[in-house]
Amino acid sequence: MGAGNLLAAGGEPLLYGYDATVVRGLPSAVARPASTEEVAAVLRLCQRERVPVVPRGAGTGLSGGAVPVRGGLVLDLGRMNRIRRIDRRDLYAEVEAGVNTQRFQEAVQAAGLFFPPDPSSAVASTLGGNLAENAGGPRAFKYGVFRDYTLGLTVVLADGTVLRTGGRTVKNVSGYDLTRLFVGSEGTLGVITEALLKLIPPPEARRTLTAAFPRLEEAAEAVSDTIAAGLRPSALELMDDASIRVVEEYLHLGLPLDAEALLLVEVDGPAAAVEGEAEAVAALCRRHGARRLRLARDEAEAAELWRARKAISPAVARIKPTKISEDATVPPSRIPEMVRRLKAIGERYGVTLVVFGHAGDGNLHPNILCDARDPEEMERVWRAVAEIFRVTLELGGTLSGEHGIGVLKAPFLGWEHGEEGVRVMKALKAALDPLGLLNPGKIFPDQAPPWPVPLPPGPAGAAADEAGRGGESA
């Protein structure tokens, strides 16, 4: 690995003490291996010396998952950045964990193939980080998330053992599905170093449109009815009035400032079918009160429409110095109710709340804009966040659609999975990492740092369960 790739405490390692959240930590050292064998050697040493290890990609995470909250060694996989193979016959790619996501997508496209998962952080994130969090993105509604395109993995376990899971075949039911066990495990069960990723042929055609709605609830109803009508856009994105306003102030795109919501819809597939599906979505939006519809005429205009959606995060960051980005995910039929509840939470706690996200799969991103230097405001913020989690579960949703549990959501894991669910997860953790050295302080309620304010009572099990089966919420 070389002395230049082992950094002692202080100086550059301080840069490894944070991610895209307010969570902070301080590593004792940083190692930058260049191969699976070097990762295994580092983990064997850390096991022997009882040193915690925190795997890290590009640090774009939104749950504190890559922050060394218990100190120890940060394992930076950025040097493992080779795309080893793109196979057009068997439709797979062999990659290392440190490959930049956008560079990989571009390489796949250049080979005439398609890799659907498209996290918004793709320009900066790595494939290993995406796999550790089971990332998704706008196209997840139609195509699925990272786990749906992972054929196999190379994983280094806590004791330095190298484990290879899955294979190059689409069908593989040989024993337990170890591949899916590690995807989304946030570096707590093993360190993903290499992956076999499934590729598919690209869609023949694509059409993109936007629809502006005078009321946010009308847009949410349009999303719900689009799904009920059997339409399957490749992307179905929602922006509320606050996100429209901040993006317009940031980019001056001519967005409709009198609208409470904007839908960005993309359909793809056979050329003969795409036009009809785009028109069907447009007609449905009109029935729900959409006043301004714009259908992109070509790829350049489609890219212009996408600029607004992709600019939300940098645009909202200009309002206040701190951004708490959540990913409350509910069944698509509950989106209208979830939007109403989110707006009410913002008003109740007096916080600036912006709502946008992947409405097609129910994965909304309520962002709270605040100032971490203001203790009184932050107390209201954390109470609002806890309320968002409670409401999400009451509506039959999940704590995380793509950001992971990490530190920030760990205290609430039992709300969703109950004591038995958490117990089984801990048993798996103990079997693979008996000393608890891999990414400690993450996921589990009793091992994470304390929640910033007293925890409110969780959702009642019976009420949450009934809501999750389609009953009306309280």
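Modeller: Helix α6 (residues 216-228) and helix α11 (residues 335-349) pack with their axes 8 Å apart, at an angle of about 150°. The model is predicted, so local features need pLDDT of at least 70 and side-chain atom pairs pLDDT 80 or more, while totals for chains, interfaces and linings use all residues. Residues are numbered from 1 along each chain as its sequence is written, and side-chain values use heavy atoms, leaving out hydrogens and water.

Colleague: What makes α6 roughly antiparallel to α11?

Modeller: The angle is about 150°, and angles over 145 degrees count as roughly antiparallel (under 35 is roughly parallel, 65 to 115 roughly perpendicular, the rest oblique). Therefore α6 is roughly antiparallel to α11. Angles run from 0 to 180 degrees between N-to-C directions, with axes fitted to C-alpha atoms over the stretch in contact. The helices are DSSP runs (H or I, at least four residues), numbered from the N terminus.

Colleague: Which residues make the contact of α6 with α11?

Modeller: L216, E217, A220, E221, V223 and S224 of α6 and I335, P336, V339, R340 and K343 of α11 make it, where contact means heavy atoms within 4.5 Å. By class, six are nonpolar, one is polar and four are charged. Ala, Val, Leu, Ile, Met, Phe, Trp, Tyr, Cys and Pro count as nonpolar, Asp, Glu, Lys and Arg as charged, and the others, Gly among them, as polar.

Colleague: Why is α11 called roughly antiparallel to helix α12 (residues 375-394)?

Modeller: Their axes come within 10 Å and cross at roughly 160°. That angle makes α11 roughly antiparallel to α12. M338, R341, L342, I345, R348 and Y349 in α11 meet residues of α12, including R380, A384 and I388. The contact of α11 with α12 has seven nonpolar, one polar and six charged residues.

Colleague: What makes a space a cavity?

Modeller: On a 1 Å grid over the protein atoms alone, a cavity is a set of points where a 1.4 Å probe fits but cannot get out; lining residues have an atom within 4 Å of a point. The count comes to one cavity of 30 Å³ or more. About 40 Å³ of space lies in the largest cavity, where volume is the space filled by probe spheres set on the points, joined across faces, edges and corners.

Colleague: Which residues line the largest cavity?

Modeller: A20, T21, V22, L62, K323, I324, S325 and L408 line the largest cavity. They divide into five nonpolar, two polar and one charged.

Conventions: 1 Å grid on protein atoms, 1.4 Å probe; cavity = no way out; pocket = protein on both sides within 12 Å on 5 of 7 lines; lining within 4 Å. Helix = DSSP H or I, 4+ residues; strand = E, 2+ residues; numbered from the N terminus.
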